[in-house]
Amino acid sequence: MIDYIDIGAVEDIPVRAARLVKTDHGCIAVFRTSSNKVYAIDDKCPHKGGPLSNGIQHDERITCPLHNWVFDLNTGRAQGADEGTVKTYDIKVVDDRIMLHRSAITTIVAAE
């Protein structure tokens, strides 16, 4: 589990809600669905920059609160006629703890 960082308990996120993980690269929205699945995506909608963590969650999709774009939490792709994607992050639940892959919050520097 060295490649994962414990970011909190599943119960810390209400059902059908989100919490933010702030990184040097921007905010990551961590969602808990009605079936207790956990997803992590960029919090910023590519259309107008709306905070997806404030959107309406339905099943495994999130609707942007600004202009109603709908994103699949599995793939980050916009649904329907909208075009665009948000980055998704490797996340899993171990013993009711949410584990986010370290690459989501670390800077990767190329060798010189």
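Glu 60 counts as partly exposed because its relative accessibility is 23%, and partly exposed covers the range between under 20% (buried) and over 50% (exposed). The model is a predicted one. Glu 60 forms a salt bridge with Lys 37, with 3.0 Å between the closest N and O atoms. This pair joins distant parts of the chain: Glu 60 lies in the loop between strand 5 (56-58) and strand 6 (61-63), and Lys 37 in the loop between strand 3 and strand 4 (38-42), 23 residues apart. Lys 37 is also partly exposed, at a relative accessible area of 41%.

The structure holds two salt bridges. In the other, the side chains of Arg 97 and Asp 6 meet at 2.9 Å, N to O. Here too the link is between distant parts of the chain, with Arg 97 in strand 9 (residues 97-101) and Asp 6 in strand 1 (residues 4-9), 91 residues apart.

The relative accessibility of each partner is as follows.

| Residue | Relative accessibility | Class |
|---|---|---|
| Arg 97 | 33% | partly exposed |
| Asp 6 | 39% | partly exposed |
| Glu 60 | 23% | partly exposed |
| Lys 37 | 41% | partly exposed |

The largest pocket has a volume of about 150 Å³. It is lined by 14 residues, of which His 25, Lys 87, Tyr 89, Ser 103 and Ala 104 are the closest to its centre. Strand 3 (residues 26-32) gives the most to this lining, with three residues. By class, the lining has five nonpolar, six polar and three charged residues.

Terms used:
Residues are numbered from 1 along each chain as its sequence is written. This is a predicted model: local features need pLDDT of at least 70, side-chain atom pairs count only at pLDDT 80 or more; totals for chains, interfaces and linings use all residues. Side-chain values use heavy atoms; hydrogens and water are left out. On a 1 Å grid over the protein atoms alone, a cavity is a set of points where a 1.4 Å probe fits but cannot get out, and a pocket is an open set with protein on both sides within 12 Å along at least five of seven lines; lining residues have an atom within 4 Å of a point. Grid points are joined across faces, edges and corners, and a volume is the space filled by probe spheres set on the points. Helices (H or I, at least four residues) and strands (E, at least two) are DSSP runs, numbered from the N terminus. Ala, Val, Leu, Ile, Met, Phe, Trp, Tyr, Cys and Pro count as nonpolar, Asp, Glu, Lys and Arg as charged, and the others, Gly among them, as polar. A salt bridge is a side-chain nitrogen of Lys or Arg within 4 Å of a carboxyl oxygen of Asp or Glu. Buried means under 20% relative accessible area, exposed over 50%, partly exposed in between (1.4 Å probe, protein chains only).
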